[in-house]
Structures are given as structure tokens and as C-alpha cells.
Amino acid sequence: MTRQRLTVLGATGSIGVSTLDVVGRHPERYEVLALTGHSRIDVLAEQCIRHRPRFAVVGKVEDVPVLTNRLRAAGVATEVLSGPEALETVAALPEVDAVMAAIVGAAGLRPAIAAARAGKRLLLANKEALVMAGEVFMAEARKAGAVILPIDSEHNAVFQSLPATFGGDLAGCGVRRILLTASGGPFRTLPLDQFSAVTPAQACAHPNWVMGRKISVDSATMMNKGLEVIEAHWLFSAAADKIDVVIHPQSVIHSMVEYVDGSVLAQLGNPDMRTPIAHALAYPERIEAGVASLDLFQVAQLTFERPDLERFPCLGLAYQALRAGGNAPAVLNAANEIAVEAFLAGRLRFDRIGPVIETVLATVPQTAVPDLAAVLAADAAGRAAAATAVANGP
Ligand code: NAD
Ligand code: MG
């Protein structure tokens, strides 16, 4: 068997580490050609020593000699590069078959698009890239014949619950709607009057999943689910009114597809990202992922609730941005990144994240986003307006 050659963008993060865990279980199937990490040079060094990639990319040019020296001392010949352009280079290397896009936030957009343009098999975890640039992104992927496999557990579950022949026409496949499940995060039942005092440590302590800090805060505000609604719109050509959100605190059903005959297909499993990662790596085959069997007796109960939009205004704002179209999703995403960063830095109260995003959506004028330049302009406008809104509030 020829081995699949991989680039892992964001290798040092939560998804990146889980990806290398699965890859390391199947050395006969996968070869790592490039790894990238923005700051955790120690982690990246260990990963390079273990997987021996041809290239590694770091964020800062000062870290190039640091990592290079570490690797040479260990007898590893990996070439170390730095900066945003190097990310695009390793995402589009001619020898690479598949790219795991697991950089967090807007920083992942350009390398993910570079992989799509190069026609790679794209394992997409970086949902912000699709939220910002869905139309441009999907058009580039189509043009280059890039196959996009969703890593986000909900979208991976939807993908698994759709017919294998699905080509973008939900109605033609008899689909009535998509049901995205959400855990509800750590504050599903917290009294509303306590939201103003929520700390970053509390927001990052998710009940079911261990994730990076930004997505953990997004889960706590439920903006994560809002971004996922927009992500589902682009991945599955689904209108906003065909995507419903269901709170399911156990995180065992990862999402569902309802058909016109009343059938509802679901994908279940333990909340472990190695399942969707292994699914996408091996698709259409199946490989061992190191995930324990689902113990339904231990789970015992699966429960469901309607999302409360007063508690979680960010979810409503994401639907609003999706319906508005144009630059609104990119502006929403940018405002959220700035608000979350300010919250994590102690400069913004938790319960002000939603209002900041709402203000930004109301201030930045609506435009179309026909190309990447327009997407980046929308992102910049959203960031500037959000910085002002953060500075103006408590
Ligand atoms: P993380 O914070 O743990 O890791 C982020 C990675 O991106 C790191 O490798 C970091 O070095 C890199 N990075 C950060 N800023 C960068 C920059 N400016 N330039 C280049 N690289 C940069 O995040 P994560 O939880 O692994 O999430 C990664 C992506 O996957 C996010 O888009 C997230 O929404 C998505 N996702 C994560 C999970 C999860 O369980 N963690 C689940 C679904 C989707
Ligand atoms: Mg998800």
C-alpha cells in the first residue's frame, strides 16, 4: 500500500495532537511530510522527533534556529521554516495527499484555501475558515477537485448520516433537515445573574470535551454552535431553516439527519475527537482510533432540550449573520475572535461577548464578498469595530 502523505497545520493544538495520535497507530498507512505549530516549540520538537517530517513551520523567525538545533541534536533532518507564507507552502506541497487544517481562527484561512486550491484532500477542523469565506472556499475546492472531509464532530456525524452519493443536493436525497447537537457547555444551567462573573478558567472547563481555549469559550457562549450552523450551511448546501440545534448534554449523539419519510439517522460515540479524525483520515475505509467502546449502560440516558436564546444570544446572532449573507458571517467571526481574546485577557466580561458582536454586526456596513480580498476586508472591519466596542464597554 502506498502511504498517504500528510501535512498537519496546527499540529501542537488539541486537534493536531489527536491527529498525530491516530496517525502514529498506523505507520503503514500514513507518512507525515509537514507539521506546523505557532508557539509550543517543545511540543513541536517532540512531534518532529517522533514523526520525522520533511518540513516544520513555526510562527516566529527567532524560533527557527531554536527548533533546528534541537532537531539536529536528536539526529533529525527536518527543515524548519517560519511565518504565514510557509504555512501556505506546506499546505500545497506537490507530494502531499491530505492536509489537516487545525489552526484556530482566521489565521488558518489562507493555508486552508491554499490546500483547497492545490486540490488536496482537506480534513477541515478550522471552522472559522468556512464561516469567514464559505462561498470563496467552496468554489476554490470545487474548481480544484479538492475533497473536504469535516472533522468537527457534528459535521462529521452529518456526513456519516448522509447517503454516500450525496453531492450537495439535500432535497434530492430526501433530507428534511439537519439536527446539530450541542452539549450546552458549562453554563447550561447557571443562573443568568451569575453570567457577569464568569471567569476564563470556568469558561474553559468544558463538561464533556477537552479543547483549545478559544473553542472552549465559544462552547460556553454557544457561539461555537452558531459557527457550526454556518459551517453546515456551506458544507451541505443547507439553508438556515433546514438546520436546527438540539441541546443534548451527554454529547453521545454527535448530530442527526432527518429524512422526508420520518427516518432520523444519527452517529453516536464517546466524545473523543479521534473518532472523526480517524474517519476522515481513512475515508471510505475505517481504522482503529484508540477510542473506547461506547458503554450505553454507563450513559443510561440521552436527553434533549431546546436552546435558550436569551441565555445564549450568540447562537441567534450567528443565524442572523447567515441569513444576512455577504460579509456578515466574516464580520461575526472577527468580532467573536476579538471579544473572546479580550475575555480571556480579562478585558471583557463574559456576558458582554454577545452584545459586542451584536453592536459590530449593526455598525459594519453590509457588502458582498466575491473574493478573498473582500473576505479579508470584512475580517479587518469586524476586528476594528469589535476593538472599539470592547473599549467602550465594561
Ligand atoms: P488549539 O488552540 O488547541 O490549537 C491551535 C493550533 O493552531 C496550535 O497548533 C497553534 O500553534 C496554531 N495556531 C494558533 N494561532 C496561530 C497563528 N496565528 N498562526 C499559525 N498557527 C496558529 O485549538 P484546537 O482546539 O485544536 O482547535 C483547532 C481548530 O479546530 C479550531 O478551529 C476549532 O474550532 C476546531 N475544532 C476543535 C475541536 C476540539 O475538540 N479541540 C473540535 C472541533 C473543531
Ligand atoms: Mg463541534
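Ala385 has its place in helix α16, where helices (H or I, at least four residues) and strands (E, at least two) are DSSP runs numbered from the N terminus. This is a predicted model, in which local features need pLDDT of at least 70 and side-chain atom pairs count only at pLDDT 80 or more, while totals for chains, interfaces and linings use all residues. Residues are numbered from 1 along each chain as its sequence is written, and side-chain values use heavy atoms, with hydrogens and water left out.

Not counting residues up to four places away in sequence, Ala385 touches Val360, Thr363 and Val364, contact meaning heavy atoms within 4.5 Å. Ala385 and Val364 are 21 residues apart in sequence, and their C-alpha atoms are 7.2 Å apart in space.

Helix α16 (residues 372–392) also packs with helix α6 (residues 127–144), at an angle of about 170° and with the axes 10 Å apart; axes are lines fitted to C-alpha atoms, for helices over the stretch in contact, and angles run from 0 to 180 degrees between N-to-C directions. That makes α6 roughly antiparallel to α16, since angles over 145 degrees count as roughly antiparallel, under 35 as roughly parallel, 65 to 115 as roughly perpendicular and the rest as oblique. Met132, Ala133 and Val136 of α6 meet Leu372, Val375 and Asp379 of α16.

On a 1 Å grid over the protein atoms alone, a pocket is an open set of points where a 1.4 Å probe fits, with protein on both sides within 12 Å along at least five of seven lines, and lining residues have an atom within 4 Å of a point. Of its 28 lining residues, Ile148, Phe159, Phe166, Gly167 and Leu235 are the closest to the centre. Helix α6 gives the largest share of this lining, five residues.

By an automatic or database domain assignment, the chain is divided into domain 1 (4–150), domain 2 (153–188 + 204–271 + 295–312) and domain 3 (325–394). The C-alpha centres of domain 1 and domain 2 lie 26 Å apart, and their contact takes 13 residues from domain 1 and 16 residues from domain 2. Each of these two domains gives at least three residues to the lining of the second largest pocket.

How values were computed: Chains are lettered from A and ligands numbered from 1 in the order in which they are written.
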